[in-house]
Amino acid sequence: MTSYLIEAFDRLPFGGPEKARRYATERYQGAVGLNWYDCDPTLRFLMRRYLGDGFGWAEPRLREMGALMGGPIAERAEETDRNPPRLEKYDRWGRDISEVVMPPSFEAARRDLVATSFTRPGFIAEAEAAGVDPAPLGVAWSYLLDQADIGMACALGTGGDMVVQLTEMFAPEDVRERVRELFAAGEMSGEAAQMLTERSGGSDLGVLESTAAKDGDAWRVNGFKWFASNANGSAFVVLAKSEGAVDGVRGIAPFLVLRERRDGSRNGVRIRRLKDKLGTRSVASAEIEFTDAEAFLLAPSSSAGQGGDGRGLARMMELTNGARLGIAMMGLGCARRSLVESLRYARAREAFGAALADQPLMRRKLAELIVETEAAQALVFDGYLGRPRLRVGAALIKLRASRLGVTAASDAIEIHGGNGYIEQWPVARILRDAQVNPIWEGGDNILCLDVRRAVERQEAHKPFLDRLTEAARAAPPGDDGTADLVGRRIEHLRQAIEKWRDLDGTVAEARLFPLAQYMADVYAAALLLEQAGWERADSGGDRKALVARLYARSRLADAGPLRGIDTPAEDLERFADLADGAFTGG
């Protein structure tokens with residue numbers, strides 16, 4: 001049954017039921033309402049691989065989470081986007097209360113997520129008692145949430161691990177106890193925020209102006225933060241320079257600021273205004289002023305008199321790689337949601353006598369989106385679950401996955417045509433949200449500079465290349481040429497890195513971006529081969545081998561004088577294998 005009225009133009013001479021069926025509202029349901037675990041064969045594949053014998057225990061819980069994310073959480077995300085947070089600046093007597101009022105849809109989603117999170121202490125203990133590694137489940141939880149609302153993921157996860165770890169290392173005991181109470185539901189409870197960026201510079205943190213002065217065993221922080229997400233949190237890591245410190249990077253130290261002082265009174269944290277953002281409206285981002293805010297130095301006590309040991313920023317950056325993986329997961333979530341929306345729309349929409357999904361050019365686009373999304377998925381999951389973690393991994397993975405979120409969402413809008421450009425359809429919000437991922441936790445250039453530091457100071461390219469070689473060697477038996485191609489590119493990449501190290505400094509910096517892209521290309525191809533080898537051993541299947549082959553052909557093969565026009569059309573011939581292996585559910 002339909003919920004809309006039949007219009008007069010539905011009865012015009014050139015109309016009729018067959019044409020009206022093509023634009024019947026009920027045929028275009030999108031991703032919301034599906035179980036996002038059940039409809040995702042790639043996630044089930046990864047969970048079987050990473051959980052091993054624990055998969056049987058985990059699957060019912062994954063299925064419950066898939067229903068929650070694809071249902072209530074996704075529905076509330078749309079409502080929150082239409083009714084974002086607002087700032088209640090003053091009370092009825094004109095006193096500054098700086099309260100962020102979150103919409104009911106956000107609060108309901110947050111309650112459900114915190115109560116059922118796979119990262120909460122109770123669930124982790126339950127999994128470990130059953131002999132199941134909780135880490136892959138926590139990654140799956142983030143992957144599913146990021147398809148619904150990356151703003152909510154930011155609100156729950158911004159700096160929680162950083163606050164907890166630095167507080168436990170350096171804060172006074174009474175302050176540690178208060179932070180433990182705040183994070184009793186886990187680090188992904190929405191209580192934390194990182195307050196780094198100022199008007200004087202975003203990535204150039206050395207020029208920040210916020211200042212801290214000693215006050216007993218605490219400090220007083222004064223300053224102005226230009227872009228602070230999750231402003232409604234309760235515990236903040238704030239970067240500032242102590243009075244008399246060097247005006248540069250080595251003068252920076254991290255401080256813990258709580259919303260309430262030790263004596264229970266309101267701390268000197270004022271919100272000037274909320275940011276009117278393009279997207280991620282479910283996380284409250286604000287301009288924050290600190291006025292004699294009580295703070296606690298997050299540095300060794302032996303350096304308290306000097307306002308830190310000069311390693312405050314470096315210590316935070318060591319924790320930033322985890323945050324970068326989180327942003328990469330957000331990019332992957334946007335790409336995955338874009339793929340699902342595109343497949344559902346293309347299968348329902350008809351033009352020129354056939355469904356869009358049956359048109360050759362559309363199949364080419366959808367196949368490309370499937371392959372690129374699964375390549376990014378391989379990168380992100382390896383970044384979280386691969387051991388040991390690669391020093392250059394987070395930067396390369398974020399570089400690739402955060403950008404894919406934007407391009408995939410743009411493709412999804414194009415696939416939807418004019419409908420995709422309308423906010424009443426789901427893909428416009430995905431693009432608005434995805435655009436922040438290349439910015440958060442460092443843009444492309446900052447990521448490339450981090451790759452340079454890792455290579456020059458830590459020889460991080462050596463374990464990276466070893467990991468690629470190991471992954472490529474796990475390719476399934478049988479010579480389709482992909483393993484040989486990837487193997488050659490690993491050696492070429494080794495040569496490229498050594499050549500790059502010999503370049504003049506200015507030229508070397510300019511060449512960082514193509515080098516990092518090359519590293520990400522070969523990394524993803526090697527991981528897809530590794531997945532293909534596991535699939536062959538586990539089930540005898542060859543779909544991942546197909547994905548690896550298409551990816552390597554696109555990213556690593558020499559196109560030749562015909563620019564690949566003469567290559568086998570496996571993306572068309574085996575489109576059903578690609579599409580059905582990426583999404584089930586209509």
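Okay, housekeeping before anything else. It's a predicted model, with local features needing pLDDT of at least 70 and side-chain atom pairs counting only at pLDDT 80 or more, while totals for chains, interfaces and linings use all residues. Residues are numbered from 1 along each chain as its sequence is written, and side-chain values use heavy atoms, leaving out hydrogens and water.

Let's start with strands. Helices (H or I, at least four residues) and strands (E, at least two) are DSSP runs, numbered from the N terminus. In strand 3, residues 192-195, Ala192 and Gln194 point one way and Ala193 and Met195 the other, and all are buried. Buried here is under 20% relative accessible area, exposed is over 50%, and partly exposed is in between, with a 1.4 Å probe and protein chains only. Strand 3 pairs with strand 6, residues 235-242, in the parallel sense over four bridges; pairing takes at least two DSSP bridges between the strands. Alanine 192 sits opposite alanine 235 of strand 6.

Now, tryptophan 93: buried or exposed? Exposed, because its relative accessible area is 74%. You'll find tryptophan 93 in the loop between strand 1 (86-90) and strand 2 (96-101).

On to helix 12, residues 393-416. Its 24 residues should span 34 Å at 1.5 Å a residue, and the end C-alpha atoms are 34 Å apart, so that agrees. The expected span is 1.5 Å times one less than the number of residues. Helix 12 is mostly covered, with 20 of its 24 residues buried.

Last topic, salt bridges. That's a side-chain nitrogen of Lys or Arg within 4 Å of a carboxyl oxygen of Asp or Glu. The whole structure has 62 of these salt bridges. One joins arginine 63 and glutamate 59, 3.6 Å from N to O. Both lie in helix 3, residues 55-82, four residues apart, about one turn of the helix. An α-helix has 3.6 residues a turn, so residues three or four places apart point the same way. Arginine 63 is partly exposed, at 33% relative accessible area.

Compare glutamate 374 and lysine 544, whose closest N and O atoms are 2.6 Å apart in a salt bridge. This pair links distant parts of the chain: glutamate 374 is in helix 11 (residues 360-385) and lysine 544 in helix 19 (residues 543-555), 170 residues apart. Glutamate 374 is buried, at 3% relative accessible area, and lysine 544 counts as buried at 3% too.
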